[in-house]
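This briefing is for a reader who is new to the structure. Please look over the sequence and the model before going on to the notes.

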Amino acid sequence: MSYIPGSGARKWFLKAVVALVLTNALSGAVAPAFAEEPKRDPSGVATGGKTAVTDAAGNSFVVTEPTDKTAPDYAQSKKDFDEYQAQATKEPLALKVADSVGHLKIATNFSWTLLTGYLVLFMQAGFALLTCGLVRKKNAGHLMMLNFAAYVFAFLAYYAVGYAFQFGAVAVNAAPANLGGVPTLNHFLIGSGQWGFLGGKGFFLTGPAYDASSNCLTLFEVVFMETAGYIIVGAICERITFWAFLLCELFIGAFLYPVFGCWVWGGGWLSQIGSTLHLGHGYVDFAGSSVVHGVGGFCAMALSVILGPRLGKYGPDGKPRAFPAHNIVFVVTGTFILLFGWMGFNPGSTLGATDLRIAVVAVNTNLSAVAGSAAAMLLWYFMFGKPDITMACNGMLAGLVAITAPCAFVSPTSSVVIGVIAGVLVCLGVLFNERILKIDDPCGAISVHGYCGWFGAVSLGIFADGTYGAGWNGVGALSYLGKAGQGVTGLIHGDASQFWTQLGGATLMVVYAFGLTFTVFSVVNKVRSMRVSKEVELTGLDVPEFGMLAYPEDAVEMLAAGSQAHQGGA
Amino acid sequence: MKRIDAVIRPSQLDEVKQRLTGLGVTGLTAFEVRGFGRQKGHTETYRGSEYTVDFLPKIYLSIIVAEDLVEPVVEAILEGARTGVIGDGKIFVTSLDEVIRIRTGERGPGAI
């Protein structure tokens, strides 16, 4: 049967493994060739010292020696430096204490970033339960395997090249000052300075990427990439072959996600258009409404279009048919696990517990989640007479996805408004996909992550109130809109340019994620069909694709393949 | 000997069982089944698409009794299974040729 990879695939796999090992060895040998390499610190003992000690506003007490003698403020800087030196000589003990405090501060931020990263990792379990519960029983094993393999293969792809593409420019030993690194913008593979398009260092986490600070960031970022990776499962399940799915995961982990991630979080051009083109604070996405969820959602949409709807989803009259969820208990439990994991996703994105905005972020995230769920529940109650449990769950996820970009920049009340809009949007999106576009999305992934991800990034440009993010992306560190300490500001608080930036950036994300995925996988699908055969789809993918059932006690009933419930009316 | 089959609501099984054991019925077999009657199921909405629940869950009882117990058993099932709402089920009574107890090989009413 065509869905079993033959010996050709095995040879290809062997070649890939050999290539991987060789590249790894090679990149290790080549890495030291970069002369301006920041010093790496794999053991972590040299990470965090007195230079990390700052006041609450982020000002360091350590004064560095001015080097540019022609600078207009050279005299003042030199004077400050001399004063600092004199004080430091007088109080050597204070410097030692400061070193210790700095190390502790970085350690606190490490703990926070890693622990929230573990929470995000746990979202994988939530997604697995949610999507598995939403499909038919005959595909439960298939769903669990997709979610599981997504983690495994996308992780390897991200380790090999994804991290370097995304953060090679800034995070190699290591971007955020919160984690003890020094951000720079000079290691792009494509582009340079403030116009970077692709990072280019740290392949296979070698060279300067083999560093405690850098690896702290790696763990946090890899689980974010995984989120984009498993979003697609919800839209392409019940009909995609396993080999095609693995290709999708490698594509997302190695390329699709890291490239857009580089543009927004890796010091790439989109994040810098605040400085270069004077567009607000540049394109801002705090925790990834667009970078993670939007990219995943629109990639899922392209794949779903290529695959086509499940057999029997649309009747001869073109009317959509329902394939009810097989386990609502999984769906609700999964959604709650996702909510819990999101407490790492959003607050963790400060990359440091010393940024006390985390409390506001956590409250905003929760508020938007419940507002989204309430809106979806009530809207469905009103439209169809009964509140659909799966849509109530989608509503909560919609609120979470939408608040992910603006969570640090908006007030709690704005969060509720964003959640309500997302809750309505996700319902309309599901109906729009199902009835008008006729795109079959079994779990609502396109509507939840794609549409609400786009909306979340745009909502930042509307609701950001300027209380947080002064100096974001290097814009307005001293003052913004004529006010000192003014942070990222949206349309209703007086910065229309931020709104246009968000609208443009989020829309670019849609075009990028959908367009690139559609192009690449249309070709793949031409070479070899990514879809399972008709018989396999009717039987359920569990046995033909994986040789076992999720619920073996159903073997007689399911393999008979005659029962109407399992054919979904096909 | 008669065989009495009854399709009842799952929720009424306990009521029926209690009444039957009170009558001295010695054995009872229950199947979980699905089916439809004159109502032909009903329509629900899942994520905005309609679907029909054609086959409703029911309990199918099978009881073997001697002639004299037929009427009391039927009465007991009627009492226990009736809610007065559509979907209460049906009772079928058929004649039975032979009953054999596998352990002893005993035949006839004594084997019931």
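Predicted model: local features only at pLDDT ≥ 70, side-chain atom pairs only at ≥ 80, totals over all residues.

Is the crossing of α4(A) and α5(A) left-handed or right-handed? The crossing of these two helices, α4(A) and α5(A), is right-handed.

- Two packed helices are described by the angle between their axes and the distance between the axes.
- Helix α4 of chain A covers residues 140-167 and helix α5 of chain A covers residues 212-231; they pack at an angle of about 125°, and their axes are 9 Å apart.
- α4(A) and α5(A) are therefore oblique to each other.
- On the α4(A) side, the residues that meet α5(A) include A:N147, A:A150, A:Y151, A:F155 and A:Y158.
- On the α5(A) side, the residues that meet α4(A) include A:L217, A:T218, A:E221, A:V222 and A:M225.
- By class, the contact of α4(A) with α5(A) is made up of 11 nonpolar, five polar and two charged residues.

**Helix α9(A)**

- Helix α9 of chain A (residues 289-307) has 19 residues, which should span 27 Å at 1.5 Å a residue; its end C-alpha atoms are 25 Å apart, which agrees.
- Of the 19 residues of α9(A), 19 are buried, so the helix is largely enclosed by the rest of the structure.

**Helix α10(A)**

- Helix α10 of chain A (residues 328-345) has 18 residues, and from first C-alpha to last it reaches 25 Å, close to the 26 Å expected at 1.5 Å a residue.
- Among the buried residues of α10(A) are A:F330, A:V331, A:I337, A:L338, A:L339 and A:W342.
- The cover over the buried residues of α10(A) includes α3 (92-134), α11 (358-384) and α12 (389-404) of chain A.

**A:W263**

- A:W263 lies in helix α7 (residues 242-265) of chain A.
- A:W263 counts as buried because it has 26 C-beta neighbours inside 10 Å.
- Neighbours within four places in sequence aside, A:W263 is in contact with A:G268, A:W269, A:L270 and A:S271.
- A:W263 and A:V291 are 28 residues apart in sequence, and their C-alpha atoms are 9.2 Å apart in space.

**Chain A and chain B**

- Chain A brings 12 residues to the contact and chain B brings seven residues.
- On the side of chain A that touches chain B, α12 and α13 (412-437) each supply at least two residues.
- α13(A) gives the most to that side of chain A, with three residues.
- The residues of the side of chain A that touches chain B comprise seven nonpolar, one polar and four charged.

Conventions:
Residues numbered from 1 in each chain as written. Chains lettered and ligands numbered in written order. Axes fitted to C-alpha atoms, helices over the stretch in contact; angles between N-to-C directions. Helix = DSSP H or I, 4+ residues; strand = E, 2+ residues; numbered from the N terminus. Parallel < 35°, antiparallel > 145°, perpendicular 65-115°, else oblique. Left-handed = near helix turned anticlockwise from the far one by under 90°. Contact = placed C-beta atoms within 7 Å. Nonpolar A, V, L, I, M, F, W, Y, C, P; charged D, E, K, R; others polar. Expected span 1.5 Å × (residues − 1). Buried ≥ 20, exposed ≤ 12 C-beta atoms within 10 Å, placed from the backbone.
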